[in-house]
Amino acid sequence: MKSRLAEILKSKAFIAIALNVLFALFCVFCLVIKFEESDDFYLGAMLSGAFSGEPSGKILFVNVILGSALRFLYGEFPAFNWFVIVPVAAACVASILFCYALMDRLGRMFGLAASLVFLCFFTEDLYVMFQWTKVAAYLCGTGLFIAVWALAQKRSWMFIAGGIAICVLGTWIRRESLFLVLPFILVLFLCAAAWRGNVRKTVFALCCLCACIFAGDKIQACANAAPEFRAYAEYNGDRARIMDYARGNQTDFTAAAEKSGLDAQDLSLMRKWIFL
């Protein structure tokens, strides 16, 4: 019994789980947690029903599949901020698998040291300064890395499926975040296929990933097909071009608004109200 327990405590899986859980608990209970941007607060408020009186699963940026799950959680357990809890918990799971991959590839001791460096430099900010786009990009990057590692090292299909699932969840949080990491990970996919002779499995994994992302996009498009939602999306596109990309001075705001066909009153409305 003691030898069995010692094996479990020394296993790479247990070390990866314990390391990440302890690190997450330290960040949550010992450090000051805040939102990095005001958008995150308003998105969470919209999903929780703070503005409408009841939880909503349909907002512009978050996929309706994830939004529906969050709506259910807000309805059943309204006291918790699930818009933060779910992505952070997913990031913790992704970090566990990432650290396990490091220890599997580099050895237990050297992999543990590399995992500590990785956690301290790259994941602390996810827990302390929550920002949904940042978490989405992290999930996409680590998920694809796990899938590539599993393909290159010829590990179980469960690791490949887990990596793809983590990446897809990242796209459900914010689809555009995938493009932040895709060029770098695509190179690793090609290396995994060419160097390890895993062409068929790599192509199949890529097809599954693309199919999941495409299916999520189609479901999102069908759920948001109403004309009023399309008008809302178009208006938000104008808002982003003006408020997010033309921040130099008042003249830049005015010029950008004029290009979009908006007058001074419309610009004032954009600047004083939150439209997400």
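## Exercises on contacts and burial in a predicted model

D125 and K134 are joined by a salt bridge, their closest N and O atoms being 2.6 Å apart. This is a predicted model, in which local features need pLDDT of at least 70, side-chain atom pairs count only at pLDDT 80 or more, and totals for chains, interfaces and linings use all residues. Residues are numbered from 1 along each chain as its sequence is written, and side-chain values use heavy atoms, with hydrogens and water left out.

### Exercise 1: Confidence

Find the average pLDDT of the protein, and the elements with the lowest and highest mean pLDDT.

Solution. Start with the score: pLDDT is the predictor's confidence in each residue, from 0 to 100. The protein averages 81, and 80% of the residues score at least 70. Next, go through the elements; helices (H or I, at least four residues) and strands (E, at least two) are DSSP runs, numbered from the N terminus.

### Exercise 2: Salt bridges

How many salt bridges does the structure hold, and which parts does the pair of D104 and R155 tie together?

Solution. Apply the criterion: a side-chain nitrogen of Lys or Arg within 4 Å of a carboxyl oxygen of Asp or Glu. The structure holds four such bridges.

- In one of them, D104 meets R155, with the closest N and O atoms 2.5 Å apart. D104 lies in helix α5 and R155 in the loop between α7 and α8, so the bridge ties together parts that are 51 residues apart in sequence.
- D125 is partly exposed at 30%, and K134 is partly exposed at 23%.
- R175 and D217 also meet through their side chains, at 2.6 Å from N to O. Because R175 sits in the loop between α8 and α9 (178-195) and D217 in helix α10, this pair links parts 42 residues apart in sequence.

### Exercise 3: Aromatic pairs

Classify the ring pairs F83 with F130 and F118 with F122.

Solution. Rings of Phe, Tyr and Trp (its six-membered ring) pair if their centres lie within 6.5 Å; planes under 30 degrees apart count as stacked, over 60 as edge-to-face and the rest as tilted. A search of the whole structure finds 11 aromatic pairs. For F83 and F130, the centres are 6.0 Å apart and the planes are at 80°, so the pair is edge-to-face. F83 belongs to helix α5 (residues 82-106) and F130 to strand β2 (residues 129-130), so the contact ties together parts 47 residues apart in sequence. F83 is buried, at 2% relative accessible area, and F130 is buried at 2% too.

For F118 and F122, the centres are 5.4 Å apart and the planes at 35°, so this pair is tilted. These two residues are four apart in helix α6 (residues 108-128), which puts about one helical turn between them. F118 is buried at 13%, whereas F122 is exposed at 53%. Finally, F118 and F122 belong to one aromatic cluster with F98, Y138 and F145.

### Exercise 4: The span of a helix

Solution. Now look along the helix: its buried residues are T202, A205, L209, I213, G216 and Q220.

### Exercise 5: A positive phi

Where is K154 found, and is K154 buried or exposed?

Solution. Begin with the background: most residues other than glycine have a negative phi. K154 has a positive phi, near 55°. K154 is found in the loop between α7 (132-152) and α8. With 54% relative accessibility, K154 counts as exposed.

How values were computed. Buried < 20%, exposed > 50% of the residue type's maximum accessible area, 1.4 Å probe, protein only.
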